[in-house]
Amino acid sequence: MDDLRRIDLNLMLTLHALLSERHVSRAALRLHRSQPAVSHALAQLREIFADPLLVRRGGGLQLSARAEALREPLQQALQQLDGLLGSPGFEPGRARRTFRLAMSDYGARVVLPALMRLLREQAPGIDLVVSQGSREAMLGQLIDGETDLALGVFPELPAEVCEQVLFEESFVCLADRGTLPPRGGLDFAQWLARPHVLVAVRPGIDNEIDLALGALGARRRIALSLPHWGAAQGLLAGTDLVLTVARRSLAGARLDPALRLFPPPLAIAPFTFCQAWHSRREGDAGHRWLRRQLQTLCTAPALAEC
């Protein structure tokens, strides 16, 4: 009992965060505490357990043998305590909170309008801060605790990052109708002979369209590469340019009458659009609520194919 008097619940929560993150700064972010406070708590824990717990090796922190032995019992103890006390619920109408989201221009166009309407109606005290970056940058922000939720296409994920598919996306082509046959679109030879617009955060990164072309031993000419989905269709009228984009990027948009949609003249594999988060957010009721709303919104008719 004397040993128990030396330990408070906050220290145990800090120990759990440190053993999970193996990084003082990330543990501080997880706990919403300052880095010096977590460093001080680590010093206390080392004294209590008479063990370094975290040992610097190879440029990072690794768990000591004692720390490894503590992980599972500590996890079980905290789960039992959480069940005893009851986890606080989340009341969206009363919540005052800021969520940090990362997504591309495409994600912002497809998801944000419906999400903001829902938040203003159901959770007016919740604010969003949205950033944009490459897939690698978004995953890095999740791991470092700089972002709460990332929306995008993630072919590979680190073990500590969780993922949920929101929808599967296909492609459509768009061009000036004056440069197209009276009906329909272009056949493959005609499509390939035209200059193309590519929407990409970073040029040179593999995309589904060029991967499909590569499988056929073909290559298209990219006359313009830009990172803005919303601006791309405004560049087509009065030119021979062709834009091949994800269908939902055009859903609900007012299409220029000078343009015409038509199906791609080659098979392009669809992609899955997902939400991703760090496993440290699993116990966060507010975070779970936000993810459920996004899942519901992304299956609604308003986000269906155009």
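The model is predicted: local features need pLDDT of at least 70, side-chain atom pairs count only at pLDDT 80 or more, and totals for chains, interfaces and linings use all residues. Residues are numbered from 1 along each chain as its sequence is written, and side-chain values use heavy atoms, with hydrogens and water left out.

**Sheet**

Helices (H or I, at least four residues) and strands (E, at least two) are DSSP runs, numbered from the N terminus. Five strands make an open sheet, ordered β4-β3-β5-β12-β6, with mixed pairing. Two strands pair if DSSP finds at least two bridges between them. β4 (126-131) and β6 are the edge strands, and each pairs on one side only. On average, neighbouring strands of this sheet are turned by 25° against each other, direction ignored. The axes behind that angle are lines fitted to C-alpha atoms, for helices over the stretch in contact, and angles run from 0 to 180 degrees between N-to-C directions. Six bridges join β3 and β4 in the parallel sense. F99 has L128 in β4 as its bridge partner.

**Cores**

A nonpolar core is a set of buried Ala, Val, Leu, Ile, Met, Phe, Trp, Tyr and Cys residues joined through side-chain atoms within 4.5 Å. Buried means under 20% relative accessible area, exposed over 50%, and partly exposed in between (1.4 Å probe, protein chains only). The largest core has 56 residues, and L115 and W191 have the most contacts inside it. Helix α6 (residues 105-122) supplies the largest share of this core, eight residues. A second, separate core has 22 residues, including A28, L45, F49 and L63.

Contact means heavy atoms within 4.5 Å. Beyond its neighbours within four places in sequence, W191 is in contact with several residues, among them C173, L186, I209, L213 and F262.

**Aromatic pairs**

How many aromatic pairs does the structure hold? There are six. Rings of Phe, Tyr and Trp (its six-membered ring) pair if their centres lie within 6.5 Å; planes under 30 degrees apart count as stacked, over 60 as edge-to-face and the rest as tilted. Two pairs are listed here.

| Pair | Centre to centre | Plane angle | Class |
|---|---|---|---|
| F90 and W289 | 5.6 Å | 45° | tilted |
| F167 and F273 | 5.0 Å | 15° | stacked |

F90 lies in the loop between α5 (65-85) and β3 (97-103), and W289 in helix α11 (residues 285-298), so their pair ties together parts 199 residues apart in sequence. F90 is partly exposed at 21% relative accessibility. W289 is buried, at 6%.

F167 sits in strand β6 (residues 161-169) and F273 in strand β12 (residues 271-278), so this pair ties together parts 106 residues apart in sequence. Both F167 and F273 are buried. Ring pairs also link Y106, F167, F171, F271 and F273 into a cluster.

Charges sit over two rings. The criterion is NZ of Lys or CZ of Arg within 6 Å of the ring centre and within 35 degrees of the ring normal. R248 lies over the face of F167, 4.2 Å from the ring centre. R291 lies over the face of W277, at 4.0 Å.

**L241**

Where is L241 placed? L241 is in the loop between α10 (229-232) and β10 (242-246). L241 is buried, with a relative accessible area of 13%. The C-alpha atoms of L241 and V197 are separated by 6.6 Å, though the two are 44 residues apart along the chain.
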